[in-house]
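Here are some questions and answers for a reader new to this structure. Please look through what is shown below before reading on.

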Number of protein chains: 2
Amino acid sequence: MKKHNFSAGPCVLPQEVLLKASEAVMDFNNSGLSLIEISHRSKDFVEVMDKARSLALELLDLEGKGYQALFLQGGASLQFLMAAYNLLEKKAGYLNTGTWSSKAIKEAKMFGEIIEVGSSKDENFNYIPKGYSVPDGLDYLHLTSNNTIFGTQIKKFPKTEAPLVCDMSSDIFSRQLDFSQFDLIYAGAQKNMGPAGATLVVVKEEILGKVTRQIPSMLDYQVHISKESMFNTPPVFAVYTSMLTLEWLKAKGGIAAIEEINDKKAQLVYSEIDLNPMFEGFAQKEDRSNMNATFNLVDEKLKESFDAMVKEAGINGINGHRSVGGYRASMYNALSLESVGVLVDVMSELERKA
Amino acid sequence: MKKHNFSAGPCVLPQEVLLKASEAVMDFNNSGLSLIEISHRSKDFVEVMDKARSLALELLDLEGKGYQALFLQGGASLQFLMAAYNLLEKKAGYLNTGTWSSKAIKEAKMFGEIIEVGSSKDENFNYIPKGYSVPDGLDYLHLTSNNTIFGTQIKKFPKTEAPLVCDMSSDIFSRQLDFSQFDLIYAGAQKNMGPAGATLVVVKEEILGKVTRQIPSMLDYQVHISKESMFNTPPVFAVYTSMLTLEWLKAKGGIAAIEEINDKKAQLVYSEIDLNPMFEGFAQKEDRSNMNATFNLVDEKLKESFDAMVKEAGINGINGHRSVGGYRASMYNALSLESVGVLVDVMSELERKA
């Protein structure tokens, strides 16, 4: 039976990407060798890295604007550290919108003063703080654009004098934004881009080289830029599969085209949450994420039968995170509208049965 | 035509491993989902991580001896930094046997005093220093067991009071050693273990927690141990493929069995280098690596015809590193004796023709 994969990440990827990635593990570019057993310095792989980097900039409309794209290792968790190591001289502002922001703050505190410009911790992060003020003289302001666990998403980004740093791990390439408002964007690959093991970093070069501390080579964006994202052996398979996913996105019409589908998927599931008396949403309506819809059963006693119906329908990965409970339907780029339809049908069926 | 893959890394992997990895990208454990689109917290993947970690300890005969195995990201290059971050309080000793040792030294200097206990830089690293003395009071002594670029390998490890740290990126799982003489072993996966993107760290727990500096979470071995190697999303594909390769090695009879084959391969190629007047070896005989044989043509004018013969025979990846020139035949665990035979035949043929 076909699976409908709502997993929060690692998550659903386009079927044609999986097929090409699987083939490349056996034979890459008809070379008679596997993708994972050739030198990363070979012409064939250097082309992959170059293409992945340029596609990322092209899709974000950041070509020729002073940005560099890098594919690194370590996930967003290592970026929490690298962002601070490279940019934090005295003080930085952080908007605290959940688990990942909190972790970013914790790591950055080792390198300077951290000012929490706003926080939604008081309501278990079910909203995005607004109307906060950003003090002058910050080295940067750090935001988390989408909060996978709580299902909230920043819709409007603040205008600041300070460089804007954004963790876009869970919604990059999903919606149109003026990406040139950001000076540093980072994202683990394992949502909208590829398998776990690669991390996209998009950085405006002019913000680098300003801190006085010595930066270890592997944590230094300038080192990675100077080596064209191959300072050391890159995560070959994850970069290749990310490149395939970016090619797939471009062929589909880019971010504008996928955003339209993502909007439809989100509207479909949120309408059901709002109209179906069996369910209630977790996040405040105006801050709802188009990537991760969080919701609960109004009557917990129905959990067993709902879970059974979900399983019966081939739906995978909708259990909520332990910090929120309930359910979470993650609807990344590669998830079809059809899959969301199947989930909504099951939700409606619960109402009819109850 | 069958390829004979002498690439220095990423490098040849067992064909059955490639096949299983390729299949898992389409359908993992008959789940109807790809390995790379399921949650890393799912039962199926947690089993993979647990198995990879326990197989690593089992094959190194380190079970029940106070060691932990971790699969991290960032390659050995990040370990240059992590080793120092976690262990270097005042001063450490480093044996400088080539490019990778030099890089490790460079990163460690940010954290304390580094004493080069020995160096073979005077002869472009074509030998392993011996008879050096190790000062008292070191936080650790750092060694590089095999030098991929220069083709040298440490055969006898020093006995010291200081904890022994060893970068085994290019010869781990290739030969029997008393691995319990080491307190920290690290190795990028992409030689004898799997695809690039995972790094094995084997650490004796009792040496940790002794430095006074604060360690960022992602660089802290104790954090990764406490989270059972899943502090953040691990590089799923690279860990799975490493697990498959370790299973393959165990089924073959473990390190003892593969060492026998590795010895035969090395003897075959070094005999040819020594007996064939067309070639000369680069590394000093007593320090020759069983993993990477470095050699040159005596008469550079034969390069074009030798290269053509090599290509004709389906041999891939024997160009030497730019620091050494000439040729390098890398003979990792998954390279067959047959492939080495093909190379030796081509070398003999050059002699007959010339």
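Q: Where does Pro10(B) lie?
A: Pro10(B) sits in a loop of chain B, between strand E1 (4-5) and helix H1 (15-26). The model is predicted, so this placement and every other one here describes a prediction.

Q: What kind of peptide bond leads from Gly9(B) to Pro10(B), and what is its omega?
A: The bond is cis, with omega near -5°.

Q: What joins Gly9(A) and Pro10(A), and where is Pro10(A) found?
A: Gly9(A) and Pro10(A) are joined by a cis peptide bond with an omega of about -5°. Pro10(A) is in the loop between strand E1 (4-5) and helix H1 (15-26) of chain A.

Q: Why is the radius of gyration of chain A said to agree with that of a compact globule?
A: For 354 residues, a compact globule would have a radius of gyration near 20 Å, and chain A has 21 Å, so the value agrees. The C-alpha trace of chain A spans about 65 × 60 × 30 Å along its principal axes.

Q: What makes up chain A in terms of helices and strands, and what share of its residues is buried?
A: Chain A has nine helices and 14 strands. Of its 354 residues, 63% are buried, a label that requires under 20% relative accessible area.

Q: How far apart are Thr148(A) and Phe71(A), in sequence and in space?
A: Thr148(A) and Phe71(A) are separated by 77 residues in sequence and by 22 Å in space, from C-alpha to C-alpha.

Q: How do you know that Lys250(A) forms a salt bridge with Glu58(A)?
A: The closest N and O atoms of the two are 3.1 Å apart. A salt bridge needs a side-chain nitrogen of Lys or Arg within 4 Å of a carboxyl oxygen of Asp or Glu, so the pair of Lys250(A) and Glu58(A) qualifies.

Q: Which parts of chain A does the pair tie together?
A: Lys250(A) is in helix H6 (residues 236-252) and Glu58(A) in helix H2 (residues 43-59), so the pair links parts that are 192 residues apart in sequence.

Q: What makes the contact of Asp274(A) and Lys285(A) a salt bridge?
A: The closest N and O atoms of this pair are 3.9 Å apart, and the limit is within 4 Å. Asp274(A) is in helix H7 (residues 254-275) and Lys285(A) in the loop between strand E11 (279-281) and strand E12 (292-297) of chain A, so the bridge ties parts that are eleven residues apart in sequence. Asp274(A), at 39% relative accessible area, is partly exposed, whereas Lys285(A), at 60%, is exposed.

Q: How many salt bridges does the structure hold, and which residues are linked in a network of them?
A: Over all chains there are 24 salt bridges. Lys130(A), Glu286(A) and Asp287(A) are linked in a network.

Q: What is the phi of Asn29(B), and how exposed is Asn29(B)?
A: Asn29(B) is not a glycine, yet its phi is positive, at about 50°. Its relative accessible area is 46%, so Asn29(B) is partly exposed.

Conventions: Residues are numbered from 1 along each chain as its sequence is written. Chains are lettered from A and ligands numbered from 1 in the order in which they are written. This is a predicted model: local features need pLDDT of at least 70, side-chain atom pairs count only at pLDDT 80 or more; totals for chains, interfaces and linings use all residues. Side-chain values use heavy atoms; hydrogens and water are left out. Helices (H or I, at least four residues) and strands (E, at least two) are DSSP runs, numbered from the N terminus. The radius of gyration is taken over C-alpha atoms; the globule rule is 2.2 Å times the number of residues to the power 0.38. Buried means under 20% relative accessible area, exposed over 50%, partly exposed in between (1.4 Å probe, protein chains only).
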